[in-house]
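The following paragraphs lead through one protein structure, from its overall composition to the surroundings of its ligand and then to its salt bridges.

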Amino acid sequence: MNTSAGILIAGAIGAVIGAMLTYLWRFSERRQNAIPEPTPVVPPGAEAVLSVLSSSAVLIDSSDTVVQASAPAVAMGIVHEDRLQPDELMTLVRQVRRDGQVREADISLQPRRGTTSYIHARVAPLSSRLIVVLADDRTREQRVETIRRDFVANVSHELKTPVGALNLLAEAVAEAKDDPEAVVRFSSRMHTESERLTRLVQQIIDLSRLQNDILSDEAMTIKIGELVSEACEHSATDAEHKDITIATDVEPELYVHGDRAQLHAAVSNLVENAVTYSPKGSKVSVSAHLDGEDVRLTVADNGIGIPGGELDRIFERFYRVDPARARTTGGTGLGLSIVKHVAASNGGTVEVWSEPGLGSSFTLVLPAFSAELDEEQS
Ligand code: ADP
């Protein structure tokens, strides 16, 4: 072999070794940069199944990263960026990953400051690397349950007052058997308390019927003028005692279609309140007119009025602006909540304007019923 052939062979061997070294170096570099675990693949078909479930679904990989989340899950607030929240739910996921057991829990969330929502979560292993979280929004159910519990507690509390008073008065009557005047006085108070109890029980029945959407009557055509006269008649004695004049101004041919007993209760409650919360010698006015396709029935007074901050609350069950005063007025705090429910279940709304010291005005807005319109439609 001559020298030049030797140089050529040595060069070729060097080139091959160099290429091999470069390849090995690149290979080791690629290994170093490689993601330790490849992104888990969602099992075929799982995506389609999750998309038809009514629950919101989230898939989490072994590094606690959310790899897939349905839009409602994000809206619900259980996914933020690529993490699952709150911590309670994350803990559940880790427990499931550890032992493979399906778990369920009721969890509360604060998606925004001051708001709380409730979810029911079911966590299960989907594959060796993926965990699935199925969540259902239970906020509404939770709220209904709280309202129901409060209502029952309030009812028991409210019933105890007149029943307790009747008990005491009965004892007082027995003790005063030799004092006819005291007996008359106590029995008159017993009468007042039993009336209050009757009213309370009736209003609780009315309200629970309305809440359960049980219509006491078939819907029928009702003349507004008649409803107003009956409501004024209902409060006539109280108004007379306080020297209050009830003035009416009702368009003659105004009709609505709805539940007569309910609407009667609503208008009567408004007139009764106007009389109750007005001073002696003042005036209450009841007016009704057609406004486009609606009847606007307004009960206005020049009474004590309602502070602005309370206006949102007066339609709540058992809410009274002045609970101490309610003992003398005999108010149950249910009247306006009945009015609001009646308005809603008869397709209408209720509006209020009030200014402390000036007075209040409550307006029932109900769809007007026109016989001609009805004939045209049928
Ligand atoms: P109540 O049986 O106590 O009158 P309501 O639900 O009818 O219960 O009314 C709730 C509260 O709203 C009342 O306790 C009272 O404080 C206030 N209110 C209602 N109507 C009037 C009114 N016309 N003028 C002043 N305050 C009123």
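In this predicted model, residues 24 or more positions apart account for 61% of the contacts with a separation of 6 or more. The protein contains 11 helices and 14 strands. Of its 378 residues, 35% are buried. Its accessible surface comes to about 22800 Å², and carbon and sulfur atoms contribute 54% of that area.

Around the ligand stand 19 residues, of which Asn273, Tyr277, Asp301, Thr332 and Leu336 come nearest. A backbone N or O atom of Thr332 lies 2.8 Å from a ligand oxygen, and a polar backbone atom of Gly333 is 3.0 Å from an oxygen atom of the ligand. For Leu336, the distance between a polar backbone atom and a ligand oxygen is 2.8 Å. The ligand taken alone exposes 530 Å², and the protein buries 97% of that area. Helix α8 (260–276), helix α10 (335–345) and strand β14 (359–367) are the elements that each give two or more residues to the shell.

Salt bridges form the next topic; the count comes to 13. One of them joins the side chains of Glu145 and Arg148, with an N to O distance of 3.1 Å. Both residues belong to helix α5 (residues 139–175) and are three residues apart, so about one helical turn separates them. Glu145 is partly exposed, at 30% relative accessible area, and Arg148 is likewise partly exposed, at 44%.

The side chains of Arg320 and Glu158 meet at 2.9 Å, N to O. Arg320 lies in the loop between β12 (294–301) and α9 (323–329), whereas Glu158 lies in helix α5, and the two are 162 residues apart. Why do Arg320 and Glu158 count as buried? The relative accessibility of Arg320 is 17% and that of Glu158 is 10%, and the limit for a buried residue is under 20%.

A further salt bridge, between the side chains of Arg296 and Glu351, has an N to O distance of 2.7 Å. Because Arg296 lies in strand β12 and Glu351 in strand β13 (residues 349–355), this pair ties together parts that are 55 residues apart in sequence. Glu351 is partly exposed, at 36% relative accessibility. Finally, Asp64, Arg94 and Arg97 are linked in a network of salt bridges.

Terms used
Residues numbered from 1 in each chain as written. Predicted model: local features only at pLDDT ≥ 70, side-chain atom pairs only at ≥ 80, totals over all residues. Heavy atoms only, no water. Helix = DSSP H or I, 4+ residues; strand = E, 2+ residues; numbered from the N terminus. Buried < 20%, exposed > 50% of the residue type's maximum accessible area, 1.4 Å probe, protein only. Contact = heavy atoms within 4.5 Å. Areas by Shrake-Rupley, 256 points an atom, 1.4 Å probe, with all protein chains shown as cover. Near = heavy atom within 4 Å. Polar contact = N/O pair within 3.5 Å; in protein donor to acceptor, adjacent residues only side chain to side chain. Salt bridge = Lys/Arg side-chain N within 4 Å of Asp/Glu carboxyl O.
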